[in-house]
Every structure is written in structure tokens, then in C-alpha cells.
Protein chains: 2
Amino acid sequence: MIQTVHDLGPAEAPQGRVTITQLSAALGLSKSTVSRALNGYPDISESTRLRVRRGAETMGYRPLSHAQAIRTGRVRALGLVVQIDDHDSQRPFLADFLAGISVAASAEGWTLTVATADSEARTVRTMAQLVEDRKADGFILPRTLSDDARVALLRAHDVPFVMFGRTAKPEGCAWFDILGEDAMRDAVVHLSRLGHHRIAFVNGGGRYNYSRLRLAGYRAGLAAAGLIEDPVLIRSEALRTEDGARETRALLALDAPPTAVVFAVDHAALGLYRVCADLGLRVGRDLSVISYDGVPDGAYADPPLSSFKVDTRAAGQRLAEMLIARIRGTSPEELRETAPAVFADRGSAGPPRLDSGALAQRLARETT
Amino acid sequence: MIQTVHDLGPAEAPQGRVTITQLSAALGLSKSTVSRALNGYPDISESTRLRVRRGAETMGYRPLSHAQAIRTGRVRALGLVVQIDDHDSQRPFLADFLAGISVAASAEGWTLTVATADSEARTVRTMAQLVEDRKADGFILPRTLSDDARVALLRAHDVPFVMFGRTAKPEGCAWFDILGEDAMRDAVVHLSRLGHHRIAFVNGGGRYNYSRLRLAGYRAGLAAAGLIEDPVLIRSEALRTEDGARETRALLALDAPPTAVVFAVDHAALGLYRVCADLGLRVGRDLSVISYDGVPDGAYADPPLSSFKVDTRAAGQRLAEMLIARIRGTSPEELRETAPAVFADRGSAGPPRLDSGALAQRLARETT
DNA sequence: CCAATTGCCGAAACCGGTTTCGGAACCGAG
DNA sequence: CTCGGTTCCGAAACCGGTTTCGGCAATTGG
């Protein structure tokens with residue numbers, strides 16, 4: 001007897017779940033046949049395979065992932081360990097990132113296991129724990145570091161993973177990344193076309209792999225614009241607003257200050273706004289800025305921050321899809337993708353009202 | 001033969017996990033005895049129970065949760081469905097919230113399954129799915145609504161849950177909540193002591209249960225301060241910065257504008273800053289403001305926003321502990337806790353430099 | 001036409017646990 | 001000394017799947 005499924009769609013028939021035993025009985029087949037039919041074994045005829053699939057469909061059979069896991073060792077769950085000690089831009093994107101992962105995962109009937117850790121060591125330990133307890137079949141690694149302990153662990157234990165971000169040592173690594181270097185290059189070129197000649201660069205954290213790339217992009221932009229690199233215009237380690245303010249002050253204290261600044265991180269770029277407010281400079285006229293990330297706060301600044309937006313949600317989605325493919329056996333070399341950041345020109349970059357010399361004079365007046 | 005665990009602590013011995021069969025063999029007991037010993041069955045002598053526990057400890061035995069789940073139906077996982085259609089203050093707290101849940105869960109050997117949904121209907125559907133697939137044994141419900149469809153579903157299916165926030169119909173509900181009403185009351189009293197007589201209130205979204213409570217707290221504050229309520233000073237539906245700006249403008253357009261505003265939501269309160277910047281008003285002097293949430297952005301405002309801070313991480317931690325207790329059988333009535341918000345006085349509330357009349361005149365000058 | 005494959009499926013073992021059931025050993029009481 | 005009741009443990013069934021193995025029927029090759 002097949003229990004009819006009433007109430008909400010595929011919700012719950014009273015004493016609900018249909019098991020493989022029930023399904024096989026209803027079909028007049030053995031459960032081994034049903035199992036192999038559903039899992040694509042070659043020794044099942046096409047006709048019965050179809051019959052089984054249809055029967056499973058109509059009876060609403062869905063195998064319990066933990067019941068299969070006991071034999072297969074796989075639970076159909078993606079793992080994500082969020083490291084929360086770094087006060088960088090991860091937070092505002094977290095919800096979108098999760099959303100992207102979640103839709104891709106649930107589209108395939110997978111789920112997402114999340115844990116947090118407050119240090120790199122603990123992150124690795126947590127991941128090891130999750131793997132050992134079979135709580136996740138693979139991991140999405142956000143914020144790839146240049147030398148990443150997580151990669152070492154997962155490689156050693158042969159656990160599938162995909163990185164959000166590229167790495168210097170790509171062996172066995174799958175990744176999805178945004179082309180931050182192209183964004184930085186385009187930012188410099190854009191500012192150059194607006195008439196800027198002294199364009200500074202404020203990078204993010206050096207331990208992150210992206211900072212290496214973005215610096216290269218900045219340099220490529222200078223080259224494309226025919227500008228020569230001035231080391232004093234390159235700063236780094238600016239992740240938070242305070243950091244960005246600090247670096248901005250340092251840049252404006254130069255004998256020949258920049259008239260435009262390219263930031264690798266939006267939150268740091270917002271520090272420039274504060275310094276400008278203090279010094280009576282108008283962003284986008286006295287000092288131009290272009291940044292990267294596309295955080296919502298940037299849109300609320302005055303003038304709104306021109307920034308290269310990253311579609312974090314889409315990234316999460318793609319990463320989840322790629323990780324599932326990876327777990328199912330696709331080789332890491334086939335799973336490497338990049339996407340461009342999209343420039344949102346909002347008014348924080350304009351033609352220089354003052355050149356570097358005039359700006360320096362104005363700043364000198366201000367500070368005395 | 002017991003395999004020795006080398007490398008990193010409880011990591012992985014090659015061909016690792018010790019099973020209950022191995023453990024029972026090593027102890028010279030049957031696996032049923034071992035199982036019952038570890039699960040606290042009464043028909044196991046205290047001495048063997050101890051022996052088993054010690055053996056499990058030294059051999060590093062940890063039962064696979066999905067192997068137990070196949071019989072018990074429980075996977076030792078907490079569920080959290082994050083709804084991302086509402087653009088309210090949920091985001092900045094998400095990481096902290098997850099961190100709190102994560103530590104409490106992993107302390108008990110539980111994990112966290114996260115999903116997202118972009119509408120209430122989909123949230124409910126997602127939760128039903130997770131329950132049916134046994135991906136979570138219970139749920140943490142963030143952002144309790146006055147009339148919450150999630151509660152209805154879970155109650156109907158007899159699935160354990162705890163709410164972050166109270167509810168009007170408490171039957172069968174467990175919760176943890178911050179006393180936002182006390183915060184609002186204290187805010188009004190504080191402003192009154194500073195010399196304010198016209199104190200406005202800008203509430204959050206009416207569908208959330210907390211808004212009812214915070215309004216009541218505002219009123220209690222007026223009563224405690226000996227002020228009479230003026231309906232024109234009460235606004236609502238302000239969650240985002242734009243909303244807060246809109247409501248601030250409406251308040252300042254009154255014939256007798258408030259000299260201080262209490263906000264139920266920090267991000268909305270930041271809208272007041274923007275309006276003041278536009279109008280040339282100095283926050284904390286020409287117009288005072290106290291808010292609620294304690295978002296990081298508030299500390300970066302000028303002057304920093306005085307706000308009642310919510311320890312979201314602690315809340316997540318406690319909620320996870322309570323949910324585990326709930327799943328283990330504690331009655332919901334025993335699982336109801338509240339905690340106060342902590343006032344961070346940062347300078348956005350001061351003695352009024354102008355009274356309501358003078359402020360109105362100044363605003364009139366400004367707008368002409 | 002017979003032997004050897006091949007295609008297709010069922011029976012049964014298995015995965016790592018939990019839970020039911022029955023029985024041996026021990027106990028105090030009659 | 002026997003008997004009924006505890007105390008405590010092992011054997012075996014079970015949970016819902018997967019996978020191995022073997023066998024029957026149909027097909028192919030010689």
C-alpha cells in the first residue's frame with residue numbers, strides 16, 4: 001500500500017518518509033535493483049531504470065543522506081569555516097555569500113555546514129574535525145591566503161575543496177576568483193584619462209593572495225597609462241576604515257601628494273573620506289578615489305564611492321556548484337574560473353581641480 | 001590491534017576512525033553493551049560504564065552522528081535559515097551570531113546547518129525540507145515576527161526551536177531576547193535628564209515583534225520622566241539609513257521639532273546624521289540621538305553614535321545551548337531568558353543647545 | 001546445436017551504530 | 001535448598017541505504 005501524500009506538496013505523509021524498501025516493494029523489484037537503478041549502475045536495463053525513476057518521482061522517494069553516508073562516506077554537505085578574527089571586509093558579504101552557496105547547494109539536494117573559528121590554527125582544526133566526523137564532503141575556502149594552511153591540510157587528507165581566490169601554488173587546487181588585478185588596472189587608466197598623473201595605490205593585507213595580484217594590476221595600469229611608478233605612492237595593509245585614513249594621511253603628507261588614490265578595499269577607502277572631511281577637501285574634486293569591493297556603505301558616502309563591485313552572491317553560487325562537481329570527481333584543473341568586477345562610477349573620481357603641487361600648498365595652508 | 005593516533009592530536013590515524021565494534025572488541029565486551037554504556041542506559045553496571053567511557057576516551061572513539069541518526073533520527077545538527085529579503089540590520093551581526101552558535105554547538109559536538117531563503121514562504125519551505133531530510137534536529141529562529149509562520153510550521157510538526165526574540169503567543173515557545181524596551185526607556189530617561197523635553201521615537205519594522213516592545217519602552221520612559229506623549233513625535237518603519245533620514249526630516253519639519261530622537265535601529269539613526277550634515281546641524285548639540293543595536297558603523301560616525309549594544313555573539317551562543325537542551329527534552333517553559341542591552345555613551349546625546357522653538361527658527365532660516 | 005558470453009536482476013552481506021529480548025549469575029526470602 | 005526477583009550483559013534484529021556476488025535467461029560464437 002502506498003501512502004498518499006496529502007498536505008503541502010512533497011511535505012509529509014503521516015508517518016511520512018517512503019523508504020527504498022517501500023519503493024522496491026511497490027515496484028515489485030528488489031531494493032538492490034532500485035538502488036543501483038537510481039545510482040546509475042550499468043547493469044540495470046534502461047527500461048527498468050526509467051520505471052524506477054518514475055516510481056521514485058511519484059512516490060516522492062528521497063534517500064536519506066545520512067543513511068547513504070554510512071556506506072558511502074558522503075553526506076551531501078558542503079563545509080564552510082568562517083574565520084572571524086580578521087576585521088576585514090568579509091562581514092558585509094557573508095549573507096550574500098551564504099545565499100549564493102545555499103541556492104546552488106539546495107538545487108542539487110545538498111546542504112551547507114557552517115562553523116566559525118577565530119584563528120587560522122583553529123580554522124584548520126575545525127575543518128579536520130568536520131572531515132573526520134563526516135559533516136562535510138568538501139570545503140569552500142574564502143579569502144585565500146598566499147600560503148594557506150587550510151590548503152595544506154585538505155590536500156594532505158585528500159579532501160575536495162574550492163577556493164574563493166587564486167593561489168601561487170595551483171597544484172590540485174580548484175578556484176573561482178574575481179579579476180581584481182584588471183579592476184586596479186582599469187582604475188588607474190580611468191584616473192589617468194581624467195587627467196591625474198600622480199595616482200597612489202593603497203593595498204589590502206599582504207597575507208592575502210589577492211594583494212599581490214592587485215598590486216600587479218595597479219602597475220599594469222601605470223604602464224598602460226604611460227606613468228612611471230613612484231614607490232612612495234604605494235601603501236599597504238589597509239583593511240579597515242582607520243587603516244585607510246592612516247594611509248591617506250601619509251600620502252597627503254608627501255611633498256608631492258597624489259591627486260587620486262586607488263584602494264584595494266572599500267572599507268579602507270572610506271577612511272579617505274574622513275581625512276578629507278577633516279582637511280576640508282572635497283572627494284572627487286580635490287582628491288579622487290576609486291576602490292574595490294562594492295560594499296553598500298560606499299553608496300551612502302558623500303559623494304558615493306566609485307568602486308569595482310564584486311557579485312559575492314554569484315561567486316558563492318558558482319563556488320558551490322564547482323565544489324559539488326569536484327566532490328563528484330571532476331579534476332581540479334577543469335575547475336578554475338574567473339569573473340570580472342563591475343565598475344560602478346558614482347562620482348568619487350573626477351578631473352583634478354588641483355595638481356599635486358597646488359594640493360600640497362593647500363594642505364600646507366590647512367595644517368598651519 | 002589499536003591503531004595509534006599520530007600526527008595532529010585527534011586528527012586522523014591512517015585508515016582512521018575507531019568504530020564501536022573495534023572499541024567493544026578491545027574492551028572484551030559486546031557492542032550493544034558499549035553502546036548502552038555510552039548512552040547512559042540503566043542496565044549497565046557503574047564499573048563497566050566507567051571502563052567503557054575510559055576506553056572510548058583513550059581510543060578516541062567518537063560515534064558517527066549519521067550512523068546513529070539512521071536509528072535515532074537525530075543528527076546532532078542545529079538548523080538556521082537566514083532570510084535575506086529584509087534589508088535590515090541582520091547582516092552586520094550575522095558573523096557574530098554564527099560565531100556564537102558555532103562555539104556552543106561544537107562544545108557539545110553538534111554542528112550547524114545553514115540555509116537561506118528570500119521570502120517568508122520559502123523560509124518555511126526550506127525548514128520543512130531540512131526537517132524532512134533530517135538535516136537539522138531543531139532550529140534557531142532569528143528576528144521573531146509578531147505573527148510568525150515559522151513557529152506555526154515547527155509547532156505543527158513538533159520540531160524543537162528557540163526564538164531570538166519573544167512572541168505574543170508564547171505557548172510551546174522557548175526564547176532568548178534582549179530587553180529592548182528597557183533600553184528605549186533608559187534612553188528617554190537619559191535624554192530627559194540632559195534637559196530634553198521633546199523626545200521623538202523612530203521605531204523599526206512593525207512586523208517584528210520587538211517594535212511593539214520598544215514602543216512600550218519609549219512610553220515607559222516618557223512616563224518615568226514625567227513627559228506627556230505627543231503622537232506626532234512617534235514614527236516607525238525605519239530600518240535602513242534612508243528610512244531614518246526620511247523620518248528625521250519629517251520630525252524636523254514639525255512646528256515644534258524634537259530636540260532629541262530615540263531610534264530603535266542604529267542604521268536608521270545614521271540617517272539622522274546625514275540630514276544633520278545637510279542642514280548644518282551638529283549631532284549631540286543641536287540635535288541629540290540615542291539608538292539601539294551597537295553596529296560598528298555607529299562608532300565611526302561623527303560624533304560616534306550613542307547606542308545600546310547587543311551582544312549578538314553571546315545571544316547566538318546561549319540560543320544554541322538552549323536549543324540543544326530543548327532537543328534533549330527540556331520543556332520550552334524552562335527555556336526563556338532575557339538579557340539587557342548595554343549602553344555605550346559616545347557623544348551623540350548631549351544637553352540641548354537650542355530648545356524646540358529655537359531649533360524650529362534655525363531650521364526655518366536654513367531652508368529659505 | 002552446444003558452449004561461452006553477456007545482460008539483468010535478486011539474495012545477502014555490509015556500513016556503524018541503537019534497541020529489543022532473553023538468559024546467566026547473583027541476591028535475599030521462605 | 002529452592003524459588004522469584006534483580007542485576008547485568010550478549011545475541012540478534014533493526015535502521016535505510018549500498019555493494020558484492022552469484023545465477024538465470026537470452027544471446028553470441030564456433
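Predicted model: local features only at pLDDT ≥ 70, side-chain atom pairs only at ≥ 80, totals over all residues.
Residues are numbered from 1 along each chain as its sequence is written, while chains are lettered from A and ligands numbered from 1 in the order in which they are written.

Let's start with how chains A and B relate. Chain A can be laid on chain B with an RMSD of 0.1 Å by a turn of 180° and a shift of 0.0 Å along the axis. That is the relation of a two-fold axis. (The copies are superposed by least squares on the C-alpha atoms of residues with pLDDT of at least 70 in both.)

Now look at where they touch. Two residues are in contact if their C-beta atoms, placed from the backbone, lie within 7 Å. The contact takes 35 residues from chain A and 34 residues from chain B. On the chain A side, at least two residues each come from helix 4, helix 5 (90–107), strand 2 (111–117), helix 6 (120–132) and helix 12 (296–300). Helix 5 of chain A gives the most, with eight residues. Those names come from DSSP runs, numbered from the N terminus: helices are H or I with at least four residues, and strands are E with at least two. Sorted by class, this side of chain A has 18 nonpolar, nine polar and eight charged residues. Here Ala, Val, Leu, Ile, Met, Phe, Trp, Tyr, Cys and Pro count as nonpolar, Asp, Glu, Lys and Arg as charged, and the others, Gly among them, as polar. And 97% of the interface residues of chain A are also interface residues in chain B, so the copies meet through the same surface.

The two chains also share strand pairing, and two strands pair if DSSP finds at least two bridges between them. Strand 2 of chain A and strand 2 (residues 111–117) of chain B pair in the antiparallel sense over three bridges. To find the spot, look for A:Leu112, whose bridge partner in strand 2 of chain B is B:Val114.

From there, step into chain B. Its strand 2 pairs with strand 1 of chain B in the parallel sense over seven bridges, with B:Gly79 standing opposite B:Thr113. Strand 1 of chain B also runs parallel to strand 3 (residues 138–141) of chain B, joined by three bridges; there, B:Leu78 has B:Gly138 as its bridge partner.

A residue is near a strand if its C-beta atom, placed from the backbone, lies within 6 Å of it. Around DNA strand D there are 24 residues, and the closest are A:Ile20, A:Ser32, A:Ser35, B:Ser32 and B:Thr33. Helix 2 (31–38) and helix 4 (65–72) of chain A, together with helix 2 (31–38) and helix 4 (65–72) of chain B, each give two or more residues. Helix 4 of chain A gives the most to this surface, with five residues. DNA strand C also has 24 residues around it, the closest being A:Ser32, A:Thr33, B:Ile20, B:Ser32 and B:Ser35. For DNA strand C, helix 4 of chain B gives the most, with five residues. By class, the surface near DNA strand C has eight nonpolar, eleven polar and five charged residues.

Finally, chain B holds an open sheet of six strands in the order 7-6-8-9-10-12, with mixed pairing. Strand 7 (234–235) and strand 12 (342–344) of chain B stand at the edges, each with a single partner strand, so one side of each is left without a neighbour in the sheet. Strand 9 (residues 288–293) and strand 10 (residues 306–309) of chain B pair in the parallel sense over four bridges, and B:Ser291 has B:Ser307 as its bridge partner.
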